[in-house]
Amino acid sequence: MVPFQIKHRVLPISLVRREQRRSVAVDGSPRITRCRLEQDRCASRLSNAREVPPGSPKTVYVLLGKPTLPYTPGSDVAGVIEGVGEHVTAFKKGDRVFTIGTISGGYADYAVAAANKVFPLSDKLDFKQGAAVAIPYFTAYRALFQKGHAKAGESVLVHGASGGVGIATCQIARACGLKVLGTAGTEEGMNIVLRNGAHQVFNHREANYIDKIKEYTKMEGVDIIIEMLPNINLAADLQLLSCGGRVMVVGCRGPIEINPRDTMTKESSIIGVSLFLATEAGTFSF
Ligand SMILES: NC(=O)c1ccc[n+]([C@@H]2O[C@H](COP(=O)([O-])OP(=O)(O)OC[C@H]3O[C@@H](n4cnc5c(N)ncnc54)[C@H](OP(=O)(O)O)[C@@H]3O)[C@@H](O)[C@H]2O)c1
């Protein structure tokens, strides 16, 4: 397990700091407690909630959308429970936990989260690692198993393996017995991918890397592709799949033209993945 890779993150830190100050001023409190515990019967309140990934894509999208102020960004946090709502039985003060979302915003000394978004944090993980678990690892799990139905012995290409979700996918897939191929755009990224479970790595900035993947997989193709940039890669992905293979669309930055016939010849599937459509039981049925 490695800490969240932060090199791709684009967080307007100054905006975050400014909004935090505004929230504090509006509340008239030295802590950010816009959602008060007493009003939120199923809430858990975290202290030490300083460990937040520095700007997940979700946070950046929200900030770009100019949320109503005062607004505290930040989704996943890890910390110690400071107090629980009266109907919360799963946690108690002092528990080490991580969240997949807060009610009050993560970039704060204290945060409020619904109890069903809070999970126990293993003693093996520090708070930095804990704050990096939820969105990347839950997304990886949903893409691989809940939507992709991956099985031990199958092969997976993590197309964009050097980022947060990609690293999580490589680690989980390798641990679950899949053959793992990954791509990255730099030497450093390629090394990270190899250190996190990939059997083989390719550079997606090289002109002929798709040919190299085809050569590596011979005639068999790959069973599953976890795709971070289908607007660039989807047409090529369909060529890389095995019979019955599936492309899992995890990220996307725009449209692409494909030939649907490419799905007929191998009865392959293109499947969208949305962590936020997962039900509570479904998301966390590990
Ligand atoms: N569907 C969902 O529920 C869900 C949940 C969470 C995140 N996401 C989305 O998943 C995507 C990845 O998230 P993240 O947190 O892992 O982002 P990230 O840390 O920024 O990683 C982006 C990845 O894309 C790679 N990439 C760049 N150019 C590429 C190309 N031509 N082909 C393939 N990969 C390429 C990057 O590799 P290099 O930098 O090494 O080039 C890097 O590995 C984002 O679009 C995010 O919005 C979706």
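Begin with R96 and F127: R96 lies over the face of the F127 ring, at 5.0 Å from the ring centre. Keep in mind as you look around that this is a predicted model.

Next, show the aromatic side chains. The structure holds five aromatic pairs. Select F202 and Y216 for one of them: the ring centres are 5.9 Å apart and the planes stand at 75°, so this pair is edge-to-face. The pair links distant parts of the chain, with F202 in strand 8 (residues 200-203) and Y216 in helix 7 (residues 209-217), 14 residues apart. Then select F98, F119 and F138, which form one aromatic cluster.

Now switch to a cartoon view and find the open sheet, where six strands run in the order 8-7-6-9-10-11 with parallel pairing. Its edges are strand 8 and strand 11 (269-272), each pairing on one side only. Neighbouring strands in this sheet are turned by 20° against each other on average, direction ignored.

Zoom in on strand 7 (residues 179-184) and strand 8, a parallel pair with four bridges. Here L181 stands opposite Q200 of strand 8. Helix 6 (residues 187-195) packs on the sheet and touches both strand 7 and strand 8, its direction making about 160° with that of strand 8.

Last stop: select helix 5 (residues 164-175), which lies across strand 6 (155-159), strand 7 and strand 9 (222-227) and runs at about 170° to strand 6.

Terms used. Residues numbered from 1 in each chain as written. Predicted model: local features only at pLDDT ≥ 70, side-chain atom pairs only at ≥ 80, totals over all residues. Heavy atoms only, no water. Phe/Tyr/Trp six-rings, centres within 6.5 Å; stacked < 30°, edge-to-face > 60°. Helix = DSSP H or I, 4+ residues; strand = E, 2+ residues; numbered from the N terminus. Lys NZ or Arg CZ within 6 Å of the ring centre and 35° of its normal. Pairing = 2+ DSSP bridges. Axes fitted to C-alpha atoms, helices over the stretch in contact; angles between N-to-C directions. Contact = heavy atoms within 4.5 Å.
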